[in-house]
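Here's a quick tour of one model, taken sheet first, then core, then charges. Have the structure open as you read.

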Amino acid sequence: QVQLVESGGGLVQPGGSLRLSCTASGFTFGSYAMSWYRQAPGRERELVATVPSAGRSTIHADSVKGRFTISRDNAKNTVYLQMNSLKPEDTAVYYCNGRRRTSYMDYDYWGQGTQVTVSS
């Protein structure tokens with residue numbers, strides 16, 4: 001059974017930091033690109049950051065560049081999102097995603113989400 005379990009969300013003051021974790025099971029983690037998405041109330045889900053299966057050449061949305069860092073530990077089947085200098089506009093539910101595209105099938109898995117609230 002595929003599972004992606006996020007943790008680390010919570011309430012933080014502007015300028016603070018949080019680290020989100022997502023631990024995967026039920027699939028070959030090291031073969032999947034892993035991403036973090038977020039969705040704020042009334043807005044569409046948006047890509048925050050992606051790390052490929054090999055762990056290099058990460059991609060970060062312009063809105064979080066220089067503040068957020070995605071990383072992965074394939075030995076622990078875990079992907080992280082280090083979030084620094086948080087702003088109120090970072091408030092959203094953050095979702096972990098694992099994706100693998102093959103010539104015959106696409107695999108796309110999602111976690112249940114973790115709430116991040118940035119407020120004084």
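Which residue in E8 is the bridge partner of Ser71? That would be Tyr80.

## Ground rules

This is a predicted model, so to speak of local features we need pLDDT of at least 70, side-chain atom pairs count only at pLDDT 80 or more, and totals for chains, interfaces and linings use all residues. Residues are numbered from 1 along each chain as its sequence is written, and side-chain values use heavy atoms, with hydrogens and water left out.

## The open sheet

The pair Ser71 and Tyr80 belongs to a run of six bridges joining E7 to E8, two antiparallel strands. (Strands, E, are DSSP runs of at least two residues, numbered from the N terminus; two of them pair if DSSP finds at least two bridges between them.)

Zoom out and you get an open sheet of four strands, ordered E1-E3-E8-E7 with antiparallel pairing. Strand E1 (3–7) and E7 sit at the edges with a single partner strand each, so one side of each has no neighbour in the sheet. On average, neighbouring strands here are turned by 15° against each other, direction ignored (axes are lines fitted to C-alpha atoms, and angles between N-to-C directions run from 0 to 180 degrees).

## The nonpolar core

In soluble globular proteins, nonpolar side chains tend to be buried together. Here the largest nonpolar core has 27 residues, and Trp36, Val79, Leu81, Met83 and Tyr94 have the most contacts inside it. Such a core is a set of buried Ala, Val, Leu, Ile, Met, Phe, Trp, Tyr and Cys residues joined through side-chain atoms within 4.5 Å; buried is under 20% relative accessible area, exposed over 50%, and partly exposed in between (1.4 Å probe, protein chains only).

Elements giving two or more residues to this core include strand E3 (18–25), strand E4 (33–39) and strand E8 (78–83). E3 supplies the largest share, four residues. Val79 touches, among others, Leu20, Phe29, Trp36, Ile70 and Cys96, leaving aside residues up to four places away in sequence (contact: heavy atoms within 4.5 Å).

## Salt bridges

There are six salt bridges, each a side-chain nitrogen of Lys or Arg within 4 Å of a carboxyl oxygen of Asp or Glu. Arg38, Glu46, Arg67 and Asp90 are linked in a network of them.

Arg38 is buried at 6% relative accessibility. Its closest N and O atoms are 2.6 Å apart with Glu46 and 2.9 Å apart with Asp90. Asp90 is buried at 1%, while Glu46 is partly exposed at 30%.
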